[in-house]
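Have the viewer open as you read.

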Amino acid sequence: MHAEILAQEGYTSVRVTESPARELFPGIRLRPLWTGPSGAHANVLEMDPGTSWPRRDVHEPGPEEVYVVAGTFNDGARDYPVGTFLHAPAGSWHVPATTTGCTLFLFYPEG
């Protein structure tokens, strides 16, 4: 084992289930995982079956990267099954929804 790995500055880990969930909208919860010094951040988004964002989700100031961990995600135009990666450039938008429920890993490289 290399215990010095864990002593490196900025090296961190978190269990998703131990990250506090914040309800954004009914049935839609955000779990923060990491925030970097430049504002980049990673989250897990949990959406219950039959939920949707109440308005456009605009990607500002930078892009949003999404990985579908479980279930099926819909961006307002089409369904994306588990294992799908999406890149939404800065200024783009979608209307997140799911009929089955889904869990998403979200990464914002520019904050």
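Reading along the sequence, you get β-β-β-β-β-β-β-β-β-β-β: eleven strands and zero helices. Here helices (H or I, at least four residues) and strands (E, at least two) are DSSP runs, numbered from the N terminus. Keep in mind that this is a predicted model, where local features need pLDDT of at least 70 and side-chain atom pairs count only at pLDDT 80 or more, while totals for chains, interfaces and linings use all residues. Residues are numbered from 1 along each chain as its sequence is written, and side-chain values use heavy atoms, with hydrogens and water left out.

The C-alpha trace spans about 45 × 30 × 25 Å along its principal axes. Of the 111 residues, 36% count as buried (under 20% relative accessible area; exposed is over 50%, partly exposed in between, with a 1.4 Å probe and protein chains only). Among contacts (heavy atoms within 4.5 Å) with a separation of 6 or more, 58% are between residues 24 or more positions apart.

Now for the charges. The structure holds four salt bridges, each a side-chain nitrogen of Lys or Arg within 4 Å of a carboxyl oxygen of Asp or Glu. Here are some of them:

| Pair | Closest N to O |
|---|---|
| Arg15 and Glu18 | 3.7 Å |
| Asp48 and Arg29 | 2.9 Å |

Arg15 and Glu18 are both exposed. With Glu46 in strand β3 and Arg29 in strand β2 (residues 28-35), their pairing ties together parts that are 17 residues apart in sequence. Glu46 is buried at 14% relative accessibility, whereas Arg29 is partly exposed at 22%. Asp48 sits in the loop between β3 and β4 (51-52), 19 residues from Arg29, and is partly exposed at 30%. Through shared partners, salt bridges join Arg29, Arg31, Glu46 and Asp48 into one network.

What about open space? The largest pocket has a volume of about 160 Å³, and of its 17 lining residues, Trp53, Asp57, Glu64, Leu106 and Tyr108 are the closest to the centre. A pocket, on a 1 Å grid over the protein atoms alone, is an open set of points where a 1.4 Å probe fits, with protein on both sides within 12 Å along at least five of seven lines; lining residues have an atom within 4 Å of a point. The volume is the space filled by probe spheres set on the points. Strands β1 (22-25), β3 (41-47), β6 (64-74) and β11 (102-108) each supply at least two lining residues.
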